[in-house]
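Hi there,

Here is the structure I promised to pass on to you. Have a look at it first, and then read on for a short tour of what turned up.

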Amino acid sequence: MRNAPSSRGGWPAAGIGLLLLFPLSSPDAFFLDVFTTGFLLAAFAASWDVVGGVSGQITLGHALPFGAAAYACALLTSFAGWPLPLAVGAAVLLAAAVGAGIGTLSAPLAGPFVALLTLALGEIAHEAAVGHTFFSGPGGYAWGGEGGIPVALPWRDASPFSSYYAALAFLCLASFGMLRFLRSEAGLILRAVAGSPITAQASGVPIARFKRLAFAVGSAFAGAAGAGFALHVGRATATDLSLELSFQAATFAAVGGRGTIVGPVVAALVLHLLFQGLSLSPSARILLYAVTLLLTLRFFPGGVVGTGRELASQRGWTEGGRSPRRRGRDRNGEGAP
């Protein structure tokens, strides 16, 4: 009987090492910018996985905490004159509060009703950002639209190399934090709630509180990614609240493997780089994400990581040669596939 590959924990380290060395190959600024954006979107996709994968609460409005943090960071630095670190901290706390509010509203719901509620809340915020003028006139700012609100940065023309390494460091730290949460007692309880909420409730687990916790934690990481994205592009726009961004996170997480954190990170990096070569309109991209999401959930519900684990199990590569226990749905259709 073959043992699990000893390099199981070495693949992420090897990937990080390659990403650290990539700028030494003298790529142009465009490729560094693509990777920098990809790191931030990968952290955003992993934050969706905390809510949609670990706790099984499918959200289609995850751009709401992302955009709320981006706007908070821009408003607090440009209008209130807050120091940047303090503004970023407040933006992350705001995103967590937004997530806790969404979790409170969605706690009595399940399955597609959670998706519909989060979709509606996200679209309301997006339309409000697009359609309302906050300040206008000479020297004023436009709330939403193409202009957005600039972030008052304490530096000018940040080097593409520094942005690249800062975003990579953020991705590594955020992924480590989310993996720690996944393996914590709260993460294990959330998995139990996702697998069978009825059984968890019968065992005395306060389901509503843990659902709210999942939304708050996932939204806090999404807010951190949103604040980082606003710092990278220098402003917050209505695109930060768009439906496309929410579908993007859900699709990346489903393709990578829900409930794994690492899978969505890898899928987000690969698919982001792949989609950069496609000149598609926003509506076409949303359709592409939706079709990819449906096909993945239909034919590969475990995503790349889940399918890989099944193949490894069939070949006897799993630890102890035992097949991993699959997460199924209960008779009410609840739980993550």
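A nonpolar core is a set of buried Ala, Val, Leu, Ile, Met, Phe, Trp, Tyr and Cys residues joined through side-chain atoms within 4.5 Å. Please keep in mind that this is a predicted model.

**The cores**

With that definition in hand, the largest nonpolar core comes to 52 residues. F39, F44, Y164, L171, F252 and I261 are the ones with the most contacts inside this core. Eight helices each supply at least two of its residues: α2 (29–54), α3 (63–78), α6 (160–182), α7 (185–195), α9 (207–233), α10, α11 (262–276) and α12. Helix α2 gives the largest share, with 13 residues. Another core, of 22 residues, lies apart from this one, and A69, Y71, I149 and V151 are among its members. As background for your course, nonpolar side chains tend to be buried together in soluble globular proteins.

Leaving out residues up to four places away in sequence, F39 touches L19, Y164, A167, L168, L171 and L269.

**Aromatic rings**

How many aromatic pairs does the structure hold? The count is 10. In one of these pairs, the ring centres of Y164 and Y165 are 5.3 Å apart and the planes stand at 90°, so the pair is edge-to-face.

**A salt bridge**

Searching the whole structure gives one salt bridge. It joins E244 and R285, whose closest N and O atoms are 2.5 Å apart. The two residues sit in distant parts of the chain, 41 residues apart: E244 is in helix α10 (residues 243–256) and R285 is in helix α12 (residues 282–299). Is E244 buried or exposed? E244 counts as buried, because its relative accessibility of 14% is under the 20% cut-off. R285, with a relative accessible area of 24%, is partly exposed. In general, side chains of opposite charge can pair when their charged atoms come close.

What does the side chain of S246 reach? It reaches the backbone nitrogen of A63, at 3.0 Å. Not counting residues up to four places away in sequence, S246 touches L60, G61, H62 and A63.

H126 is in helix α5 (residues 112–131). H126 is buried too, with a relative accessible area of 15%. Setting aside residues up to four places away in sequence, its contacts are A238, L241 and S242.

**Cysteines**

Finally, the disulfide count comes to zero.

Enjoy exploring, and write back with any questions!

Best wishes

Definitions and conventions:
Residues are numbered from 1 along each chain as its sequence is written. This is a predicted model: local features need pLDDT of at least 70, side-chain atom pairs count only at pLDDT 80 or more; totals for chains, interfaces and linings use all residues. Side-chain values use heavy atoms; hydrogens and water are left out. A salt bridge is a side-chain nitrogen of Lys or Arg within 4 Å of a carboxyl oxygen of Asp or Glu. Helices (H or I, at least four residues) and strands (E, at least two) are DSSP runs, numbered from the N terminus. Buried means under 20% relative accessible area, exposed over 50%, partly exposed in between (1.4 Å probe, protein chains only). Contact means heavy atoms within 4.5 Å. A polar contact is a pair of N or O atoms within 3.5 Å; within protein, one must be able to donate a hydrogen and the other to accept it, and residues adjacent in sequence count only if both atoms are side-chain atoms. Rings of Phe, Tyr and Trp (its six-membered ring) pair if their centres lie within 6.5 Å; planes under 30 degrees apart count as stacked, over 60 as edge-to-face and the rest as tilted. A disulfide is a pair of cysteine sulfur atoms within 2.5 Å.
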